[in-house]
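Hi there,

Here is the structure I promised to pass on. Have a look at it first, and my notes follow below.

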There are 2 protein chains.
Amino acid sequence: MTGKQFTSVWIREPRKATGPGRSRQEIVRAAVEMLDEQGLGGLSMRKLGAKLSAGATSLYWYVANKDELLELAYDEVWAEMTVPDPGRVGWRDSASALAHSMRQVILRHPWSADLIGSMPALGPHAMGVADRTRKMFKAAGFTGLDIDFANATLTAYVFGMTIPEIAWNTAMGERGYDADEMRAAVARAAAGHPDLLERINMDTHDDPQAMREMCFDFGLVSMLDGLERRLAT
Amino acid sequence: MTGKQFTSVWIREPRKATGPGRSRQEIVRAAVEMLDEQGLGGLSMRKLGAKLSAGATSLYWYVANKDELLELAYDEVWAEMTVPDPGRVGWRDSASALAHSMRQVILRHPWSADLIGSMPALGPHAMGVADRTRKMFKAAGFTGLDIDFANATLTAYVFGMTIPEIAWNTAMGERGYDADEMRAAVARAAAGHPDLLERINMDTHDDPQAMREMCFDFGLVSMLDGLERRLAT
DNA sequence: GCGGATCTCGTACAGTGTTCGAGTACACTC
DNA sequence: GAGTGTACTCGAACACTGTACGAGATCCGC
């Protein structure tokens, strides 16, 4: 083992807490709050320092750099995901509940969507979720590599469905459109594609929220059906 | 129609080209090149200007701001995705080919993964792809909302599988690890979760590339199975 | 009281996106 | 050719950003 030394947030000991608002935990908590309110671009070390009544550079005593802080905040998100015990209900209900939980958590912390593509989730909470979901698929009857393939498939579906949903939401927010204005915008963009326009002009836009949940459920059920089939053979 | 005026990159006429290296198209092309080489963080207006032997702020004549430039570059990525004609082969092969194409394109332009969660794909090329895939699912036999649900499900799967893959790749690249060092890192992170370690220590890591493709295919087949079942009822 | 460790933070640097306005170059009319 | 207007370039400046550095402060054990 003479290779490069492995260093990571998750290995290095955090500094001990002294006063309130000065421990690594407090900093991460404040960062998450700020991210929830102002998004990824709204978090700056100076502003975060101000929020904690501290100098901007004081934070660097507890945290190596901003990326590391984001890694810590990201893992905090994983802590909110609930993996039901597959023993009590069937694995399908269990997987379904996990999927919905993941979606809700990401929607609650939209900035985390940007991190999914930037840093692997290696924090303790993420690992806990991975461990429990793995146990879940194992209990479902998957074996060998299929355990992890099924696992990856489920989380991929949730991520892939939710991440663009967030792009949609933030685009609406930034431009200040409501749902109707947004629809008009995409209609303009879809000009020349009659098929797409047919979809956009469907009279199903009364409740876009419910609509998206229907879509999510459709895909989720399909995907679980597919996994179940895999299980039968 | 007295509401806010809709403005977007896709509506406003681009400036006409004059010299080489000065049209909007040339700028976008150079931006894509730069993004491919240096990633999202490696693109700055000043560096892009220098690459085109232009002042940094000259670009603002052709492009409103950096976000708009990214939107244009993003759409260029969509142009590379190929949607096979479902008439020649079955819809399953067609969907499968599309999925693989999308994955490859995103892996080729890893920076696009970050944009999926930031801006909806409303450019002409993205719309073209959406239109063709919609036709594909229609031809497959889906009707009404199910057309778009199935469509969303497929792209969600591809995105969700590919985006974390990119996070993995860039993390390896930035820290300068090879596959083995990375595996050691996650093993360290997974300490205390015997189940996870069992997976990590499997002797299947000879070719991580092939491994990921196996995983992708497993999920893809499952997901298409699930959609097919939807079709039967 | 005296180290030594722990912790704070002002200053500074290199970089960012973007605005503004002055300047240039070219095409077209008289 | 002179004049005029439009298309285009870009240097300077502004308000930010993350972070390295090092000087000071505070506290604890002796």
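Before the details, one definition: a residue counts as near a molecule or strand if its C-beta atom, placed from the backbone, lies within 6 Å of it. Please also keep in mind that this is a predicted model.

Let's start with the DNA. Around DNA strand D there are 18 residues, and those that come nearest are A:S44, A:N65, A:K66, B:G55 and B:T57. Of the elements, α2(A) gives the most, with 3 residues. Sorted by class, the surface near DNA strand D holds 7 charged, 7 polar and 4 nonpolar residues.

Now to the two protein chains. Their contact draws 60 residues from chain A and 60 residues from chain B. On the chain B side, two or more residues each come from α5 (111–116), α6 (124–140), α7 (145–175), α8 (179–189), α9 (194–200) and α10 (208–232). Which of these gives the most? That is α7(B), with 18 residues. By class, the side of chain B that touches chain A has 34 nonpolar, 13 polar and 13 charged residues.

Finally, the symmetry. Chain B is superposed on chain A by a rotation of 180 degrees with 0.0 Å of shift along its axis, at an RMSD of 0.0 Å. The two copies are therefore related as by a two-fold rotation axis. Both copies use the same surface, as 100% of the contact residues of chain B recur in chain A.

Methods: Residues numbered from 1 in each chain as written. Chains lettered and ligands numbered in written order. Predicted model: local features only at pLDDT ≥ 70, side-chain atom pairs only at ≥ 80, totals over all residues. Helix = DSSP H or I, 4+ residues; strand = E, 2+ residues; numbered from the N terminus. Nonpolar A, V, L, I, M, F, W, Y, C, P; charged D, E, K, R; others polar. Contact = placed C-beta atoms within 7 Å. Least-squares fit on C-alpha atoms with pLDDT ≥ 70 in both.
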